Amino acid sequence: MSKACGRQLSELDGSPASHIYNQATNRLIEQQLQGGQILTLTSSAPLGRPVALENGATSYLLCHPDSTEANGALNMFSEVEENEDLVLMEGSISSLTSRAERVINNAIMLLPENRQPIGVLMIYCARCRLMMGDEIDNMLCSLQEKFASLPICGPFTFGEQGRFLDGKNRHGNLMISAVVFSQ
């Protein structure tokens with residue numbers, strides 16, 4: 001169970017949130033437990049908020065730890081609710097580079113029958129982009145190869161807004177989304 005207010009997660013299971021997070025991530029933020037920025041350290045280890053989907057599956061809305069406080073609280077880039085279930089997630093550069101193709105394919109599959117895609121607007125988290133480093137080139141080449149005749153445009157943003165898989169608009173972190181235009 002979590003104790004939280006707004007974007008600050010103060011406790012997890014009755015203990016300071018940053019201490020529990022540090023233990024769960026094999027001491028990832030050990031040097032910042034008395035307070036400090038952890039943004040670059042935590043990009044591959046966000047917290048996920050379970051969201052039940054209509055088909056019975058569970059997806060996760062990500063929440064990115066930003067900094068720690070001397071009192072053991074974790075400051076997040078999105079709001080956390082009191083007593084909300086949170087799951088430690090794990091990402092990698094390879095999962096980030098493959099995610100763009102998956103998201104575009106999913107958006108294309110949602111087009112009405114007999115509609116052909118003519119362009120894509122992709123919103124990609126800037127923090128994920130920074131974590132990818134030079135691997136962005138491989139991702140872009142892969143997208144150009146897979147979607148050779150489909151123009152793709154998109155910014156890299158901090159704090160993504162959009163329609164989640166359950167059909168509700170939400171604010172999340174470390175996210176990617178795509179809008180496919182058709183004719």
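Which residue, with a positive phi, follows H1? Asn26 follows H1, with a phi near 55°.

## Basis of the model

This is a predicted model: local features need pLDDT of at least 70, side-chain atom pairs count only at pLDDT 80 or more, and totals for chains, interfaces and linings use all residues. Residues are numbered from 1 along each chain as its sequence is written, and side-chain values use heavy atoms, leaving out hydrogens and water.

## Helix H1

H1 spans residues 17-24. Helices (H or I, at least four residues) and strands (E, at least two) are DSSP runs, numbered from the N terminus. Ala17, Ser18, Tyr21 and Asn22 of H1 are buried. Buried means under 20% relative accessible area, exposed over 50%, and partly exposed in between, with a 1.4 Å probe and protein chains only.

The buried residues of H1 fall within an arc of 130° seen down the axis, so they line one face of the helix. The arc is taken from the directions from the helix axis to the C-beta atoms. An α-helix has 3.6 residues a turn, so residues three or four places apart point the same way.

## Largest pocket

The largest pocket has a volume of about 1,400 Å³. Its lining counts 44 residues. Val103, Phe164, Leu165, Ile176 and Ser177 lie nearest the centre. Elements giving two or more residues to the lining include H3 (93-109), S10 (117-125) and S15 (176-182). H3 gives the most, with eight residues.

A pocket is an open set of points on a 1 Å grid over the protein atoms alone, where a 1.4 Å probe fits, with protein on both sides within 12 Å along at least five of seven lines; lining residues have an atom within 4 Å of a point. Volume is the space filled by probe spheres set on the points, which are joined across faces, edges and corners.

## Nonpolar cores

The largest nonpolar core holds 27 residues. Such a core is a set of buried Ala, Val, Leu, Ile, Met, Phe, Trp, Tyr and Cys residues joined through side-chain atoms within 4.5 Å. Ala100, Ile104 and Tyr124 are among the members that touch the most others. H3 supplies the largest share of this core, five residues. Apart from it lies another core, of 14 residues, including Ala4 and Cys63.

## Val87

Val87 sits in strand S9 (residues 87-88). Val87 is partly exposed, at 31% relative accessible area. Leu47 is 40 residues away in sequence, yet 5.4 Å from Val87, C-alpha to C-alpha. Beyond neighbours within four places in sequence, Val87 is in contact (heavy atoms within 4.5 Å) with Pro46, Leu47, Gly48, Pro50 and Tyr60.
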